[in-house]
Amino acid sequence: MQFYEQHYERYYLREYIGMWYPNILRAVLFWILIKLNLKQLKRKPFPVFRSIQDNLMELEQVPVIYQAEVQAELNLLASYGFVEPLLTGVISGSRLNELKLTGVGIISRHQKGDSVVSVILDFDDAQVKKRPYFIFTFLNDVTGDITSSNGRFMCYSDPGGDIAYYPKVCFEELVEIHNQRIRGLNRNCSIINDNLELIKLSDERWVKSIDKLIRRGILKISFSQ
């Protein structure tokens with residue numbers, strides 16, 4: 001397992017604004033202070049997984065206190081045609097013996113095979129906090145994908161090729177928006193027939209994002225265990 005450190009001074013101003021929104025003035029102030037080396041941020045190593053298979057888990061492995069809300073999310077995705085979901089652990093900790101589960105990621109392909117949804121549920125003081133959804137479709141005529149999210153722009157190295165953000169729209173609206181984008185492209189989509197194909201394509205998409213962060217100097221390897 002590889003642990004990395006995050007170097008905040010390598011982010012662009014627009015990325016800081018995205019991460020701190022709506023506190024734009026504070027984002028600008030912090031960015032200037034960090035760029036001038038007037039503010040130091042503590043860097044704690046954290047694990048980076050390069051494959052979904054590295055941290056797959058079952059619903060029964062989720063702490064009981066959170067299982068009902070995770071199941072409710074799975075039911076919601078299923079009601080829109082997303083099938084055979086995979087659960088991955090959101091792991092934090094600076095050492096192998098300090099790792100703990102702080103959330104769960106869900107990734108699921110549509111029954112038609114033309115799109116994938118991913119979302120992360122964070123566990124916080126017996127409550128579940130949902131991050132934005134990402135719906136993406138892989139293209140078989142070019143390298144990349146089309147991604148739609150109801151979050152905000154945060155990083156130029158976010159996973160995905162052609163990403164569009166629609167803050168605050170609900171999941172139902174996001175599904176329809178994404179489908180409209182795909183229909184409007186008039187391009188051939190890759191059809192995902194099973195979870196093996198889902199893992200392969202999603203891993204390639206994720207690793208491309210990690211490698212971009214490494215090239216930019218945002219992620220630097222700390223150690224391996």
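# Reading a predicted model: helices, rings and cores

Guide: We start with helix α2, residues 24-35. Its twelve residues reach 16 Å from the first C-alpha to the last, close to the 16 Å expected at 1.5 Å a residue. Keep in mind that this is a predicted model.

Visitor: What are the buried residues of α2, and what do they pack against?

Guide: The buried residues are Ala27, Phe30 and Ile34. They cover an arc of only 70° around the axis, which puts them on the same side of α2. These buried residues pack against α1, residues 13-20.

Visitor: Why do residues a few places apart point the same way?

Guide: An α-helix has 3.6 residues a turn, so residues three or four places apart point the same way.

Visitor: How do you know that the buried residues of α3 line one face of the helix?

Guide: First, the list: Tyr66, Val70, Glu73, Leu74 and Leu77 are the buried residues of α3. Seen down the helix axis, they fall within an arc of 100°, so they line one face. The face turned away from that buried side carries the exposed residues Val64, Ala68 and Ser79. On the buried side, the packing partners are β4, β5, β6, β7 and α4.

Visitor: How far does α3 reach?

Guide: α3 has 16 residues and reaches 23 Å from its first C-alpha to its last, close to the 22 Å expected. Just after α3, Gly81 takes a positive phi of about 90°.

Visitor: Why is the pair of Tyr66 and Phe123 called stacked?

Guide: Start with how many aromatic pairs there are: the count comes to twelve. In this one, the ring centres are 4.0 Å apart and the planes are at 5°. Pairing needs centres within 6.5 Å, and stacking needs planes under 30 degrees apart. Tyr66 is buried, and so is Phe123.

Visitor: What makes the pair of Tyr8 and Tyr11 tilted?

Guide: Their centres are 6.3 Å apart and their planes are at 45°. Under 30 degrees would be stacked, and over 60 would be edge-to-face.

Visitor: Are Tyr8 and Tyr11 buried or partly exposed?

Guide: Tyr8 has a relative accessible area of 27%, so it is partly exposed. Tyr11 has 4%, under the 20% limit, so Tyr11 is buried.

Visitor: Which residues do ring pairs link into a cluster?

Guide: The cluster holds Tyr12, Phe153, Tyr156 and Tyr165. Phe153 also has Arg14 over its face, at 3.9 Å from the ring centre.

Visitor: Where does the charged end of Arg205 sit?

Guide: It sits over the ring of Phe136, 3.7 Å from the centre.

Visitor: Why is Ser209 called buried?

Guide: Its relative accessible area is 5%. Buried means under 20%, so Ser209 qualifies. Ser209 lies in helix α5, residues 195-215. Leaving aside neighbours within four places in sequence, Ser209 is in contact with Ser157, Asp158 and Pro159.

Visitor: Which residues touch the most other members of the largest nonpolar core?

Guide: Of its 23 residues, Val70 and Phe171 do. α3, β4, β5, β6 and α4 each supply at least two residues of this core. Not counting residues up to four places away in sequence, Phe171 touches several residues, including Leu76, Leu77, Tyr80 and Phe82. Apart from this core lies another, of twelve residues, among them Tyr11, Ile210, Ile218 and Leu219.

Visitor: What makes Asn37 and Glu84 worth a look?

Guide: Each has a positive phi in a residue other than glycine: near 60° for Asn37, near 45° for Glu84. Most residues other than glycine have a negative phi. Asn37 lies in the loop between α2 and β2, while Glu84 is in strand β4.

Visitor: Where is the cis peptide bond of Pro22?

Guide: The bond joins Tyr21 and Pro22, with omega about 10°. Pro22 is found in the loop between α1 and α2.

Terms used:
Residues are numbered from 1 along each chain as its sequence is written. This is a predicted model: local features need pLDDT of at least 70, side-chain atom pairs count only at pLDDT 80 or more; totals for chains, interfaces and linings use all residues. Side-chain values use heavy atoms; hydrogens and water are left out. Helices (H or I, at least four residues) and strands (E, at least two) are DSSP runs, numbered from the N terminus. The expected span of a helix is 1.5 Å times one less than its number of residues. Buried means under 20% relative accessible area, exposed over 50%, partly exposed in between (1.4 Å probe, protein chains only). The arc is that of the directions from the helix axis to the C-beta atoms. Contact means heavy atoms within 4.5 Å. Rings of Phe, Tyr and Trp (its six-membered ring) pair if their centres lie within 6.5 Å; planes under 30 degrees apart count as stacked, over 60 as edge-to-face and the rest as tilted. A charge sits over a ring if NZ of Lys or CZ of Arg is within 6 Å of the ring centre and within 35 degrees of the ring normal. A nonpolar core is a set of buried Ala, Val, Leu, Ile, Met, Phe, Trp, Tyr and Cys residues joined through side-chain atoms within 4.5 Å.
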